[in-house]
Amino acid sequence: MKSDEEFRSYFKKALKPVLAEFEAKRKSIVSKLSIFGGIIVAIAAVALVFVLRNTSDMVAVFFVLIPAGFLIAGLWWWLTHDFVHEFKLAVIAKIVAFIDPELQYQPTGKISRSDFTASTLFKQRIDRYKGEDLVSGTVGKTAMRFSEVHAEHKTETRDSKGRRKTRWHTIFKGLFFIADFNKEFKGRTVVLPDTAEKLFGRFGKVLQKMNVSRDDLVKLESPEFEKEFAVYGTDQVEARYILSTSLMERILNFKRKTGVQVSVSFVHSNVYVALQTRKDMFEPRIFRTLLSFDLVADYLEDLRLASGIVEDLNLNTRIWTKE
Amino acid sequence: MGLWIGIGIAVFVGLIVFGMYNGLIGKKNDCENAFASVDTLLKKRYDLIPNLVAAVKQYMEHERGTLENITALRAKALSGGVSSDEAVTLNNQINKALGGIMVAVENYPELKASDNFQQLQRSLNEVEEQISAARRAFNSAVTEFNNAVEMFPTNIMAGMMNYKRRQLFEIPEAERQNVNVSELFKA
């Protein structure tokens, strides 16, 4: 891995000039936003005064506020959409290349929905699936790819007046990573964050055992690992073949290092890692300056989090029969 | 009314007893099943030994003794009629001899680089890893069984069924120590 010092000089040499360009564009966007936004707000205010003078019906107020809201959202999209895309192509792509020139970056690409479901990490029905910022390539001997993913399912309820209400619930939001695993296997092994055991201790284990939506519970011998994760698998021996003592240690360290919810599964000769994060990653900011090392360092850190998995889980060690 | 309550309690107690009985049998079978998979994998490794010996023989003239030794050990392990304790000891000796060969190979760069040997080494690594996994699975099954045998209330049932604690598959002291190369070739 390249040092922070190298990144600092890369920032000065390669990134700063590009960022300066985008900073100028950003400023022009902000001024356009304030001019057009101001006009929309002013018109809405006049309309509101006019409406309130002529009628006391509060519904009329919404007839002013809702179109104004739509106009502002449209304005935002119209002004920033191309900017965001260009920014990603120029800046994020450069940072990806800095990490490893072998890697490719597609701002609008994503891990496919079928790959996401193949991981069997999340069992809920998916009603809406979005993703962006796909990074793919080969690190050492290991083919890998990752992107931001947001999967949701919806529930519909009817209120007392019979109106239908649709609500969206997040199944997963964060970075989703797939790589070719370094050992051959046939079954399925899933490592999930442990909630039951943390809450209920020994009794939690009984609850995990009864989890019918999952395969058999695999109890591993590391108490620390067991405290953080619950493992389910189709084959007890194979689960331990995959989760060697050293890999357990590595997954545990990775979880501690990142401090986020980590789920891992091993299916179809691949390893799938889901990192739950709240923020929207790799986006330029509009209302604050782009000429900041910290901002770019933040992009780098998020990208390294995922691309470093190959190293963190030692996937380049190919001493077994799979090459 | 009282009769029904009595029957209810009897059925309930009966179900608990059935549950414990079946649970213990299940755990015992899990142990046996896990041991069988260790055994299968050990055999798989024994099968690799002749290939390994054939591959290294022409290079390793000086270690002829070690090669003969490992062949003899393999023959013994496969001869049948070996008790499980003996099987474990034999397996430990084989581990030691294999480790010795792998270290000695370092002295023969030509051999080490050959495709044939590299393929063999991968296969051996693979089997080692699988054996270690099977051993851990076995230990986990035995721990479950031992817990049931010793914990209340299943210990009462286990006592009646004459189930006793089982031994874990432990790595012997000798294997934990670092390999002493010169020691290996004295044999």
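In this predicted model, helix α2(A) passes helix α9(A) in a right-handed crossing. That pair of helices is a friendly place to begin a tour.

## A crossing in chain A

Helix α2 covers residues 59-99 of chain A and helix α9 covers residues 293-307 of chain A; their axes come within 10 Å and cross at roughly 50°. An angle of that kind makes α2(A) oblique to α9(A). From α2(A), the contact is made by Ile92(A), Ile95(A), Val96(A) and Ile99(A). Facing them from α9(A) are Val296(A), Tyr299(A), Leu300(A), Leu303(A), Arg304(A) and Ser307(A). Sorted by class, this contact has 8 nonpolar, 1 polar and 1 charged residues.

## Chain A as a whole

Stepping back, chain A has 10 helices and 9 strands. Its C-alpha atoms fill a box of roughly 75 × 60 × 30 Å along the principal axes. Of the 323 residues in chain A, 27% are buried. What share of contacts between residues at least 6 apart in sequence joins residues at least 24 apart? In chain A that share is 70%.

The table lists them, with distances taken from C-alpha to C-alpha.

| Pair | Apart in sequence | Apart in space |
|---|---|---|
| Phe287(A) and Val30(A) | 257 residues | 7.1 Å |
| Thr170(A) and Lys154(A) | 16 residues | 8.7 Å |

Phe287(A) sits in the loop between β9 and α9 of chain A. Is Phe287(A) buried or exposed? Phe287(A) is exposed, because 8 other C-beta atoms lie within 10 Å of its own, and a residue with 12 or fewer counts as exposed. Thr170(A), in turn, belongs to strand β4 (residues 164-180) of chain A. Thr170(A) has 13 C-beta neighbours inside 10 Å, so it counts as partly exposed.

Asp133(A) is a residue other than glycine, yet its phi is positive, near 60°. Asp133(A) lies in strand β2 (residues 128-139) of chain A. With 25 other C-beta atoms within 10 Å, Asp133(A) is buried, since the cut-off for a buried residue is 20 or more.

His268(A) is not a glycine either, and its phi is positive at about 50°. His268(A) is found in a loop of chain A, between β8 (261-267) and β9 (270-276). There, 14 C-beta neighbours inside 10 Å make His268(A) partly exposed.

Now for chain B. Helix α1 (residues 2-57) of chain B packs with α5(B) at an angle of about 165°, and their axes are 8 Å apart. This makes α1(B) roughly antiparallel to α5(B), because angles over 145 degrees are counted that way. The crossing of the two helices is left-handed. By class, the contact of α1(B) with α5(B) has 22 nonpolar, 6 polar and 7 charged residues.

Which residue does a cis peptide bond join to Pro153(B)? The partner is Phe152(B), and omega of the bond is about 0°.

## Where the chains meet

The two chains touch as well: 13 residues of chain B are in contact with 10 residues of chain A. Which element gives the largest share of chain B's side? Helix α5 (residues 115-150) of chain B does, with 12 residues. Taken by class, chain B's side has 3 nonpolar, 6 polar and 4 charged residues.

In soluble globular proteins, nonpolar side chains tend to be buried together. Here, the largest nonpolar core has 78 residues, and Ile95(A), Phe146(A), Phe177(A), Val273(A) and Ala134(B) touch the most other members. Helix α5(B) gives the most to this core, with 11 residues. Leaving out residues up to four places away in sequence, Ala134(B) touches Val237(A) in one chain and Ala34(B), Ser37(B), Val38(B) and Leu41(B) in the other. Another core, of 8 residues, lies apart from the largest one; among its members are Ile49(B), Val56(B), Ala77(B) and Ile94(B).

Conventions
Residues are numbered from 1 along each chain as its sequence is written. Chains are lettered from A and ligands numbered from 1 in the order in which they are written. This is a predicted model: local features need pLDDT of at least 70, side-chain atom pairs count only at pLDDT 80 or more; totals for chains, interfaces and linings use all residues. Two residues are in contact if their C-beta atoms, placed from the backbone, lie within 7 Å. Helices (H or I, at least four residues) and strands (E, at least two) are DSSP runs, numbered from the N terminus. Ala, Val, Leu, Ile, Met, Phe, Trp, Tyr, Cys and Pro count as nonpolar, Asp, Glu, Lys and Arg as charged, and the others, Gly among them, as polar. Axes are lines fitted to C-alpha atoms, for helices over the stretch in contact, and angles run from 0 to 180 degrees between N-to-C directions. Angles under 35 degrees count as roughly parallel, over 145 as roughly antiparallel, 65 to 115 as roughly perpendicular and the rest as oblique. A crossing is left-handed if the near helix is turned anticlockwise from the far one by less than a right angle, and right-handed if clockwise. A nonpolar core is a set of buried Ala, Val, Leu, Ile, Met, Phe, Trp, Tyr and Cys residues joined through C-beta atoms within 7 Å.
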